[in-house]
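Visitor: I have this one open on my screen and would like to go through it with you. Could we take it piece by piece?

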Amino acid sequence: MAPVAPRSGDAIFANIERVNAELFTLTYGAIVRQLLTDLEEVEEVNKQLDQMGYNIGIRLIDEFLAKSNVSRCVDFRETAEVIAKVGFKMFLGVTASVTNWDAEGTCCSIVLEDNPLVDFVELPDNCQGLYYCNILSGVIRGALDMVSMKAEVTWLRDALRGDDVFELQVKLLKQVPEEYPYKDDE
């Protein structure tokens with residue numbers, strides 16, 4: 001029996017996926033560059049990227065929940081694992097690992113060894129304070145807000161700054177009880 005040759009559509013789809021990823025990476029780079037031009041202060045760019053990410057995260061969670069078939073997480077530990085293994089894979093095409101848990105289970109690190117946002121990127125000397133991927137911290141914060149978890153997300157390590165990996169610290173500040181917009185007795 002002869003081996004089955006890949007359909008030409010499969011090769012085209014793989015090529016389109018690669019082009020889309022590169023286009024996304026280059027578009028993100030153009031956004032960061034424009035922010036640097038408009039805002040001039042690196043710290044202001046960091047804040048703007050975080051806010052943009054937060055706004056994306058509060059909308060992205062709906063798509064994530066609809067498409068991932070992930071059931072409700074029982075605690076923050078499980079939520080962090082789902083973000084790292086399912087969320088990053090779904091939206092960036094990479095998986096991350098979750099490490100460095102504190103004793104209370106409210107603080108951990110999400111480590112990315114591969115980060116498609118930084119393809120083709122080299123920070124100039126005048127941008128060394130820039131957290132180029134700060135949009136990711138905002139996305140995580142926004143998504144967690146929408147599932148009733150107030151969190152603080154900060155960068156611990158950044159490969160663009162000479163570290164070996166990208167590491168985000170995610171700290172659960174408060175689990176907000178769910179509220180319903182109406183009362184049953186009214």
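Visitor: How are H2 and H4 oriented to each other?
Guide: H2 and H4 are oblique to each other, because their angle is about 40°, and angles count as roughly parallel under 35 degrees, roughly antiparallel over 145, roughly perpendicular from 65 to 115 and oblique otherwise. The axes of H2 and H4 lie 6 Å apart; axes are lines fitted to C-alpha atoms, for helices over the stretch in contact, with angles from 0 to 180 degrees between N-to-C directions. The helices are DSSP runs (H or I, at least four residues), numbered from the N terminus. This is a predicted model, in which local features need pLDDT of at least 70 and side-chain atom pairs pLDDT 80 or more, while totals for chains, interfaces and linings use all residues. Residues are numbered from 1 along each chain, and side-chain values use heavy atoms, without hydrogens and water.

Visitor: Which residues of H2 and H4 make the contact?
Guide: On the H2 side they include Asn46, Leu49, Gly53, Gly57 and Ile61, and on the H4 side Asn134, Gly138, Arg141, Gly142 and Met146 are among them, with contact meaning heavy atoms within 4.5 Å. The residues of this contact between H2 and H4 divide into eleven nonpolar, seven polar and three charged, where Ala, Val, Leu, Ile, Met, Phe, Trp, Tyr, Cys and Pro count as nonpolar, Asp, Glu, Lys and Arg as charged, and the others, Gly among them, as polar.

Visitor: And at what angle do H3 and H4 pack?
Guide: H3 and H4 pack at about 125°, with their axes 12 Å apart, and that makes H3 oblique to H4. In this contact Phe76, Thr79, Ile83, Phe88 and Leu92 of H3 meet Leu136, Ile140 and Leu144 of H4, which by class gives seven nonpolar residues, one polar and no charged.

Visitor: What about H2 and H3, how do they cross?
Guide: The axes of H2 and H3 come within 11 Å and cross at roughly 95°, so H2 and H3 are roughly perpendicular to each other. Leu60, Glu63, Phe64, Lys67 and Ser68 of H2 meet Val82, Val86, Gly87, Met90 and Phe91 of H3, and the contact of H2 with H3 has six nonpolar, two polar and two charged residues.

Visitor: Switching to pockets, which residues lie nearest the centre of the largest one?
Guide: Leu60, Phe64, Gly87, Phe91 and Val139 lie nearest the centre of the largest pocket, which is lined by 45 residues. By class, that lining has 31 nonpolar, ten polar and four charged residues. Helices H1 (8–39), H2 (42–68), H3 (76–92) and H4 (134–146) each supply at least two residues of the lining. A pocket is an open set of points on a 1 Å grid over the protein atoms alone, where a 1.4 Å probe fits, with protein on both sides within 12 Å along at least five of seven lines, and lining residues have an atom within 4 Å of a point.

Visitor: Which helix gives the largest share of the lining of the second largest pocket?
Guide: H1 does, with seven residues. The second largest pocket is lined by 19 residues, and Gly29, Val32, Arg33, Leu36 and Tyr132 lie nearest its centre. By class, the lining of the second largest pocket has eleven nonpolar, four polar and four charged residues.
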